[in-house]
Amino acid sequence: MGQTLTILGLESSCDDTAAAVVRQTDDLAAEILSSVVHGQTELHSAFGGVVPEIAARAHAEKLDVCVMQALEQAALTLDDIDAVAVTAGPGLIGGVMSGVMCAKGLSAATGKPLIGVNHLAGHALTPRLTDGVAFPYLMLLVSGGHCQYLITHGPEEFTRLGGTIDDAPGEAFDKTARLLGLPQPGGPSVEAEAKGGDPKRFRFPRPLLDRPDCDLSFSGLKTALMRMRDQVVGERGGLTRTDRTDLCAGFQQAVVDTLAEKTRRALRLYLEHTPSQPTIAVAGGVAANTAIRTALQGVCAEVGANFLAPPLALCTDNAAMIAYAGLERFKLGKTDGLDLMARPRWPLDQSAPAMLGSGKKGAKA
């Protein structure tokens, strides 16, 4: 019999409280035995965004519940777990601290090893959890808080090719929804509204396409939409349904075109590593956008690369990806002590210059 590892994972970096159990025997496919996610959409809906203090309190109240539910679904007890993995950053510090303290308590009480996981590594390693993708592969992480192109060389080895210098696309979608009076989360609302709109009516910019690199910017798109909205309101005294659908369609098409072109550039750099099975994977909440997926599939077809998008439940924040990333670290002999710190900032590529500035707590991304 080969070695079997069973990992309990905890995730609390933003507004989803999650726990999951993942098991793997030797190099066979990993199996998700359970995955529990408690969202906080209703708690934050009145504020137009995530309120960190409310999120942290909700995590503290729900983490133990999630752990019990995950173990129950997996038909296991803590005695059956080989290690406890937890998101140790980056994220909203109150939420990250809630998860780390819970994981420390479980580790101390059971004597099980503790594994701190970078939340971004969880997303980046999801293609290996779902499809067993071989290294190296290109990862586009596109979510509400992050957007970057990464060559994933190994469980702890990443090369950042580029990323956003301001807003992440998910954040831009949320702001667009607020500006147009659409419900949160903004991504699904804007996508649904855009389906009936004319993407050519309003002229949106395609940010940073005049630069040859893979960096992105989405803050200007939000500003452009606000000005177009104000212009229409000033001329007509308000927005019609057609105005709103056309604004959404134009905004979304600008995001799609920008990501498609930047992905072409990232693919060219990635292919210089001559991977035996060229693959680009996408993860993060924005990866659920149909128009974006279709455009990226087209770009991959141009160069004969495989395109992989995990199931939506594993694109958005979840603990199964944290458990699996912890499993990968554990197989390398990496564990942490009870002095594990929660980190609001934690770039995957430590050698790359900070994209969003740096402060006392380190580079933001």
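**Close-up 1. Where helix H6 meets helix H8 in this predicted model.** On the H6 side, the residues making contact are Val190, Glu191, Glu193 and Ala194. Across from them, H8 brings in Arg241, Arg244, Thr245, Cys248, Ala249, Phe251 and Gln252.

**Close-up 2. How H6 (residues 186–194) and H8 (residues 241–271) cross.** Two packed helices are described by the angle between their axes and the distance between the axes. Here the axes come within 7 Å and cross at roughly 110 degrees. Angles of 65 to 115 degrees count as roughly perpendicular, so that is the label for H6 against H8. As for handedness, H6 goes past H8 in a left-handed crossing.

**Close-up 3. Helix H5 (residues 169–179) under its cover.** Most of this helix is tucked away, with eight of its 11 residues buried. The buried set is Pro169, Gly170, Ala172, Phe173, Lys175, Thr176, Ala177 and Leu179. So what sits over them? The cover includes strands S6 (137–142) and S7, plus helices H6, H7 (219–236) and H8. Just past the end of H5, Gly181 adopts a positive phi of about 75 degrees.

Close-up 4. Thr152 counts as buried because its relative accessibility is 0%. Setting aside neighbours within four places in sequence, Thr152 touches Ala124, Leu125, Phe135, Pro136, Tyr137, Met139, Glu157 and Phe158. Its strand, S7, also turns up in the cover over the buried residues of H5.

Notes:
Residues are numbered from 1 along each chain as its sequence is written. This is a predicted model: local features need pLDDT of at least 70, side-chain atom pairs count only at pLDDT 80 or more; totals for chains, interfaces and linings use all residues. Side-chain values use heavy atoms; hydrogens and water are left out. Axes are lines fitted to C-alpha atoms, for helices over the stretch in contact, and angles run from 0 to 180 degrees between N-to-C directions. Helices (H or I, at least four residues) and strands (E, at least two) are DSSP runs, numbered from the N terminus. Angles under 35 degrees count as roughly parallel, over 145 as roughly antiparallel, 65 to 115 as roughly perpendicular and the rest as oblique. A crossing is left-handed if the near helix is turned anticlockwise from the far one by less than a right angle, and right-handed if clockwise. Contact means heavy atoms within 4.5 Å. Buried means under 20% relative accessible area, exposed over 50%, partly exposed in between (1.4 Å probe, protein chains only).
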